[in-house]
Amino acid sequence: MSFDWREIEEKWRKEWEKAKIFEADPDPKREKCFVTFPYPYMNGPLHLGHGFTATRVDVYARYKRMRGFNTLFPWAWHWTGEPILGAALRVKSGDPEMIRALKEIDGVPEEELKKFVDPIYMARYYTSEGREAVRKIGFSVDWRREFHTTSLEPTYSRFIEWQYETLRRKGYVVRGTHPVVWCPNCRSPTGDHDRLEGEGVSAEEYVLLKFQFNDAYLPAATFRPETIYGVTNMFLNPDADYVEAVVDGEKWIISREAASKLSEQLKSVKVLREFKGAELIGEYFVDPISKRRLPILPGWFVDPESATGVVYSVPAHAPADWIALKDLINKPDVLRKFGIDPEVVRGIKPISLIEVEGYGDYPAVEIIEKMGIKDQFDPRVDEATSTIYRKEFHTGVLKPITGKYAGKRVQDVKSELIEDFKQVGIADIMYDLPEKVVCRCTTRCIVKVLSDQWFLKYSDPEWKEMAHEAVDEARIYPEEARAYFHDKIDWLHDWACARRTGLGTPLPWSPGWIVETLSDSTIYMAFYTIIKLIRQHNIKAEQLTNEVFDYIFLGMGNPEDLAEESGIAAGLLKEMRREFTYWYPVDLRVSAKELVPNHLSFFIFQHTALFPREFWPRAIGVNGMLSIEGKKMSKSKGNFLTLSNVVDNFGADVTRLTLMLGAEGMDDPDWRVENAKSIDSRLRALYRLIGEIVSLQGDSEMQNIDRWLISVIQGRIKSVTEAIETLRTRTAAEVALFEVWNDIRWYLRRAKKRNPNTLREVAEMWIRLLAPFTPHLCEELWHLMGNEGFVSTAEWPKYDEGKVDVKAEESESLIRNLMADTASIIGVTKMTPKKICYYVASGWKWRSYLEMIRESLETKIEMRTIMRELMKDPELRREAKKISVFVSKALQEINAMPTDQKKRRLKAGELDEEALLKEAKRFLEKEFKAEILVYKEEDPLRYDPKNRANLAKPYRPAIYIE
């Protein structure tokens with residue numbers, strides 16, 4: 001039976017669209033399920049990473065729909081911010097890397113490429129491409145609710161204006177002075193999603209410790225100001241450009257780059273002269289604490305782009321400083337070149353100032369030696385530095401050398417110490433970026449301190465507390481992500497919510513500012529609920545006043561009064577309110593873990609600020625980041641796959657299932673072509689197998705193996721259901737595809753006569769279990785089996801306790817385990833068996849075994865206790881000596897047995913192992929190509945030349961092979 005994926009998939013997509021089965025409207029009689037996926041940026045095509053996360057959402061949506069929930073999965077497109085504008089500018093400038101990526105990876109035709117200088121055209125192009133990709137992969141989207149962001153969608157822009165005017169009124173949007181990541185070219189704050197490079201990087205505060213040098217200061221940046229008590233020297237980069245500059249009235253010596261940065265941080269900076277760092281190498285500076293004169297040494301590792309480009313050295317506690325000194329000691333010629341006597345460097349001794357558990361006086365020296373780090377270019381220097389820093393900060397205690405701070409913990413004294421140093425004029429503050437950040441316009445970003453900027457006040461303790469409560473009340477998948485959310489909520493500072501350039505919604509009260517990318521994408525799920533009605537009734541943006549939105553989303557005001565003011569009929573206003581209150585809150589939102597520190601946390605914050613508690617998010621799923629063939633996905637490196645191309649190459653269902661089998665939780669999935677090819681083969685085999693089942697004719701009496709198959713399928717239904725409910729999509733896919741397949745294969749192998757009714761019943765359940773993962777193929781198979789309607793709306797299989805036959809399951813497990821034991825013996829002995837004898841346990845062993853299990857349910861059993869219990873039975877008392885030996889051997893196994901397995905074996909009771917093995921005799925003979933003989937352990941006529949029968953145990957017949 002051959003078929004074409006594309007033909008089947010297109011056929012069922014058209015049928016779904018024609019029947020409108022994914023269009024969802026409020027129905028008070030049905031429980032609802034509202035799921036969302038973060039709308040993607042339209043500065044490029046949807047990629048396979050989008051496909052991974054969105055398929056997880058769609059699997060959940062399809063499952064819920066089959067469970068009878070009125071399920072809504074809407075979709076929209078993000079045009080806001082710098083990404084699209086930045087991409088268009090790069091096309092306009094003729095950026096060869098950008099143009100190559102557009103042609104070779106995105107597949108943009110030459111005639112379209114010329115039009116990409118217009119960011120709006122680019123957004124529309126990729127939105128059209130994206131819509132087709134979403135359609136091709138078979139996401140169950142209600143397209144009536146589709147929209148895109150920015151003022152080009154005026155009703156959405158009006159919604160954002162209401163959002164921000166409400167936040168401002170409540171005190172969550174404030175004007176203030178804060179450090180922000182800043183693009184000097186765009187003259188705007190640069191949020192995470194407005195960056196080509198450096199997503200997630202934020203401004204960090206450095207303490208500048210000022211060391212006297214002649215009539216100037218050398219301000220060195222640090223996170224650890226307490227280490228000034230251990231300073232031994234300073235490092236400058238001989239080849240870097242430094243300046244003498246007057247900074248707020250003081251003469252400073254800093255890198256040229258630092259002068260530029262400080263000028264953006266509300267400091268007055270006037271450069272007097274520029275020179276190479278080499279000019280100061282070999283000179284001396286003064287430590288402001290001890291007034292010692294200390295040397296300035298060459299350090300090529302000093303990055304002039306990092307903070308001030310001035311580094312003070314604390315070799316006792318900074319591994320990088322200690323290894324740098326060691327390197328210089330080994331290069332006397334280099335030192336002489338700068339006029340430095342090598343003995344000066346050899347004479348530098350570490351100064352201990354922190355007592356830390358697990359280390360001696362010089363932790364940096366110890367860890368360098370322990371890790372075997374040879375020089376400053378060893379990448380493990382950073383690891384050593386991080387280890388020592390964490391240990392000293394969290395557990396370190398300051399020594400007497402630190403004066404009044406002695407005996408205090410480092411983490412407790414840091415703030416006090418900084419304030420004290422500022423008071424005596426030896427400390428200042430500077431902000432910088434710990435990693436490189438590049439704006440979408442390709443300009444390298446800096447930190448700017450803005451004094452007249454609008455911020456979301458995420459630092460507000462009361463707002464943080466509400467966000468924590470929302471996380472505690474929501475279901476978080478996986479559960480371990482909950483702590484990650486709490487950590488990031490605590491970590492978040494005030495966030496610049498507007499920028500000067502890019503596409504978006506103007507800040508309503510501050511002309512010239514546009515709501516930035518991550519700030520207009522926090523509560524738009526509410527807009528999904530009403531956009532359908534806005535379109536149907538041709539409602540204009542100007543009609544959607546703040547008072548109208550207050551009524552729809554907050555229940556404030558009178559619809560009749562609002563109807564007069566807005567021109568929107570009162571009945572329609574009530575309908576919009578009903579739509580919102582029916583669908584809200586969001587039942588599940590899923591995104592990648594990299595969005596927890598920004599988008600997902602903002603999503604939580606703003607829902608708590610704007611909506612009553614009953615509309616806070618109910619569940620959030622977090623997943624890993626997709627890699628391709630083991631490497632991080634990167635368009636610039638060519639390791640990038642568009643969703644559309646993958647679906648074209650492999651088909652929607654193969655793509656969906658391969659993605660879902662890739663990972664779950666926060667593990668990172670890895671797309672590999674060989675995996676997709678394997679799934680393709682597996683699904684084609686599934687198609688053939690269902691075809692064979694459909695072709696089976698006649699009827700057959702129910703055998704033990706039929707009861708077994710129908711019983712184990714109940715367990716599979718339960719497993720898949722529980723896994724999807726908790727968004728363990730890989731587990732669900734593995735059980736639905738592989739474990740059910742293995743069950744059917746075992747049935748086909750074991751059944752003396754295949755029962756068409758059993759196989760059809762199981763196949764129909766199997767198709768429904770797979771439908772959320774491979775919906776197109778399952779629709780085809782559903783109809784191949786003669787069913788009406790869509791499997792997409794068929795009832796989800798129900799776990800039926802009445803069909804669970806534990807005795808049948810345990811019996812079949814016994815057969816399988818016995819076969820494995822037999823095969824193991826054959827493998828070890830390397831014999832070709834002619835005769836295999838099985839000896840089943842006697843009745844007294846079974847009674848003892850089951851009683852031992854019963855007694856062990858509550859507590860661990862002991863020999864004396866269980867023997868006392870067993871000897872109460874007169875029949876068992878007659879076998880006391882044998883029972884004692886049996887119990888001593890079975891005790892450990894039963895105590896270690898999982899409780900669930902104990903309960904199953906008690907429920908199954910005593911198995912008639914003799915009858916079971918005799919029923920399976922022909923099957924076992926066929927499997928092992930040998931004569932099979934079955935005996936009771938106590939059978940006096942048994943063939944047992946090696947006296948193996950007495951080794952028989954319940955569930956483990958003894959074996960003899962010759």
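Colleague: What covers the buried residues of α7?
Modeller: This is a predicted model, to be clear. The cover over the buried residues of α7 includes strands β3 (173–183), β19 (446–456) and β23 (514–515). Helices α17 (525–536), α18 (546–554) and α21 (596–610) are also part of that cover.

Colleague: And which residues of α7 are buried?
Modeller: Thr155, Tyr156, Ser157, Arg158, Phe159 and Ile160 are, in a row. Then come Trp162, Gln163, Tyr164, Thr166 and Leu167.

Colleague: How far does α7 reach from its first C-alpha to its last?
Modeller: 22 Å, for 16 residues, 154–169. That is close to the 22 Å expected at 1.5 Å a residue.

Colleague: What happens just after α7?
Modeller: Gly171 takes a positive phi there, about 90°. Helix α3 is also followed by a glycine, Gly94, with a positive phi near 80°.

Colleague: Stay on α3, then. Why is α3 said to be largely enclosed?
Modeller: Eight of its 11 residues are buried, so the rest of the structure largely encloses α3 (82–92). The buried ones are Glu82, Pro83, Ile84, Gly86, Ala87, Ala88, Arg90 and Val91.

Colleague: Which elements cover those buried residues of α3?
Modeller: Among them are three helices, α4 (96–104), α5 (110–113) and α6 (119–137). Strands β5 (195–197), β18 (438–439) and β22 (498–499) are on the list too.

Colleague: Switching to voids. How many cavities of 30 Å³ or more does the structure hold?
Modeller: One. The largest cavity has about 40 Å³ of space.

Colleague: What lines the largest cavity?
Modeller: Leu626, Thr658, Leu659, Gly662, Pro669, Asp670 and Trp671. Helix α23 (652–660) and strand β28 (670–671) are the elements that give two or more residues to that lining. By type, the lining has four nonpolar residues, two polar and one charged.

Colleague: Is Leu641 buried or partly exposed?
Modeller: Partly exposed, at 26% relative accessible area. The cut-off for buried is under 20%.

Colleague: Now a lysine. Where is Lys64, and is it buried or exposed?
Modeller: Lys64 is in helix α2 (48–66). Its relative accessibility is 8%, so Lys64 counts as buried.

Colleague: What does Lys64 touch?
Modeller: Cys33, Phe69, Thr71 and Glu725, not counting residues up to four places away in sequence.

Colleague: Zoom out. What does the whole protein look like in numbers?
Modeller: The C-alpha trace spans about 110 × 80 × 55 Å along its principal axes. There are 36 helices and 31 strands. Of the 962 residues, 58% count as buried.

Colleague: What about contacts between residues at least 6 apart in sequence?
Modeller: Of those, 76% join residues at least 24 apart.

Colleague: Last one. Which domains is the protein divided into?
Modeller: Domain 1 (204–432), domain 2 (689–806) and domain 3 (817–961). The C-alpha centres of domain 1 and domain 2 are 68 Å apart.

Conventions. Residues are numbered from 1 along each chain as its sequence is written. This is a predicted model: local features need pLDDT of at least 70, side-chain atom pairs count only at pLDDT 80 or more; totals for chains, interfaces and linings use all residues. Side-chain values use heavy atoms; hydrogens and water are left out. Buried means under 20% relative accessible area, exposed over 50%, partly exposed in between (1.4 Å probe, protein chains only). Helices (H or I, at least four residues) and strands (E, at least two) are DSSP runs, numbered from the N terminus. Contact means heavy atoms within 4.5 Å. On a 1 Å grid over the protein atoms alone, a cavity is a set of points where a 1.4 Å probe fits but cannot get out, and a pocket is an open set with protein on both sides within 12 Å along at least five of seven lines; lining residues have an atom within 4 Å of a point. Grid points are joined across faces, edges and corners, and a volume is the space filled by probe spheres set on the points. Ala, Val, Leu, Ile, Met, Phe, Trp, Tyr, Cys and Pro count as nonpolar, Asp, Glu, Lys and Arg as charged, and the others, Gly among them, as polar. Domain bounds come from an automatic or database domain assignment. The expected span of a helix is 1.5 Å times one less than its number of residues.
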